[in-house]
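Visitor: Could you take me through one part of this protein close up? I'd like to hear about its side chains, and where they sit along the chain.

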Amino acid sequence: TFGNVDFGTVKGFSFTYDLRRTGNIQLSATYTLQFADGSGSDANSSNGINENGVIRELFPLSFDERHRIVTSIDYRFGDGKAYNGPRIGGLDIFANAGINMLMTAVSGRPYSQYQLVNTPFATPSGLLTINEARRPWIYNIDARLDKQFSFKVSETSKKSLNFNLYLRFENLLNTKNIIRVFGVSGDPDNDGYLLLGEGSQLLGGSPNGLDQIDQIGNVGKNVDSFLATYAWRSLSPGHYSRPRRIYLGLVFNF
């Protein structure tokens with residue numbers, strides 16, 4: 001049965017700067033400093049590491065983000081007399097159009113370090129530290145370009161049909177952010193069992209991994225084939241943020 005014995009505390013502060021629309025630009029920036037410490041990050045976080053009793057020492061929780069910086073910038077043109085953008089053939093080509101950019105920088109979350117991997121891609125053994133290591137920072141930029149169109153229903157009616165055509169980018173710069181790593185190596189692609197270079201070249205590895213390579217060679221099997229398969233299996237797309245995605249959409253309202 002589960003017992004409510006873990007505890008945690010979250011401390012910090014947040015600072016926000018808002019620039020109301022001045023001319024064409026509007027800006028908002030937020031910085032958050034956080035300290036999330038406790039004895040367990042979730043209901044199963046102490047599984048396998050509490051043979052000597054319930055943990056009562058504080059350590060960083062798995063969702064601890066020490067620093068987070070978020071900036072939103074919106075640059076937009078008005079219409080009519082408020083329009084101050086370029087004109088082509090007397091037309092206000094960017095009327096009711098603009099771009100919004102959301103920029104985020106987050107310090108890496110903690111992870112636990114282990115000593116050894118007994119078999120490839122298995123749960124590591126020999127716990128060294130509990131959430132004392134940190135993943136790299138994560139940087140991301142999202143952007144949205146849109147333009148509003150309005151059409152009167154009739155010449156006598158005050159009602160209008162409104163369309164918003166937008167082009168949205170997630171991960172605009174296609175940044176390859178590391179969001180997970182292996183506990184032994186601290187690397188997103190190397191689990192610590194074998195260390196491979198370019199072309200699946202063997203550079204080193206754990207004692208168990210090197211022993212397995214020797215056994216494969218001693219029984220006459222193809223070592224290169226095993227290393228190539230191991231390199232393919234080491235690819236971990238889930239350890240990285242999603243690549244750039246582009247959305248084209250139309251919003252209709254009346």
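**Salt bridges, a greasy patch and a helix pair**

Guide: Counting a salt bridge as a side-chain nitrogen of Lys or Arg within 4 Å of a carboxyl oxygen of Asp or Glu, the total comes to 10 salt bridges. Keep in mind that this is a predicted model. One of those pairs is Asp 64 with Arg 134, whose side chains meet at 2.6 Å, N to O. The pair ties together distant parts of the chain, 70 residues apart: Asp 64 is in the loop between β3 (59-60) and β4 (67-76), while Arg 134 belongs to strand β9 (residues 125-134). As a rule, side chains of opposite charge can pair when their charged atoms come close.

Now for the nonpolar side of things. There's a nonpolar surface patch of about 1,200 Å², and its members include Leu 145, Phe 149, Leu 161, Leu 248 and Phe 252. Strands β10 (138-152), β11 (160-170) and β14 (245-253) each put in at least two residues. The top contributor to the patch is β14, with four. Val 153, also part of the patch, sits in the loop between β10 and β11.

Last stop, the helices. Helix α1 (residues 207-218) packs against helix α2 (residues 223-234) at an angle of about 140°, their axes 9 Å apart. That angle makes α1 oblique to α2. On the α1 side, the contact uses Gln 212, Ile 213, Ile 216 and Gly 217, and α2 answers with Val 223, Phe 226 and Leu 227. Sorted by class, that contact has five nonpolar residues, two polar ones and no charged ones.

Conventions: Residues are numbered from 1 along each chain as its sequence is written. This is a predicted model: local features need pLDDT of at least 70, side-chain atom pairs count only at pLDDT 80 or more; totals for chains, interfaces and linings use all residues. Side-chain values use heavy atoms; hydrogens and water are left out. Axes are lines fitted to C-alpha atoms, for helices over the stretch in contact, and angles run from 0 to 180 degrees between N-to-C directions. Angles under 35 degrees count as roughly parallel, over 145 as roughly antiparallel, 65 to 115 as roughly perpendicular and the rest as oblique. Contact means heavy atoms within 4.5 Å. Ala, Val, Leu, Ile, Met, Phe, Trp, Tyr, Cys and Pro count as nonpolar, Asp, Glu, Lys and Arg as charged, and the others, Gly among them, as polar. Patches are made of residues with over 30% relative accessible area and no salt bridge: like charges are joined within 9 Å, nonpolar side chains (Val, Leu, Ile, Met, Phe, Trp, Tyr) within 5 Å. Accessible areas come from the Shrake-Rupley method with a 1.4 Å probe; for residues, only the protein chains shown count as cover.
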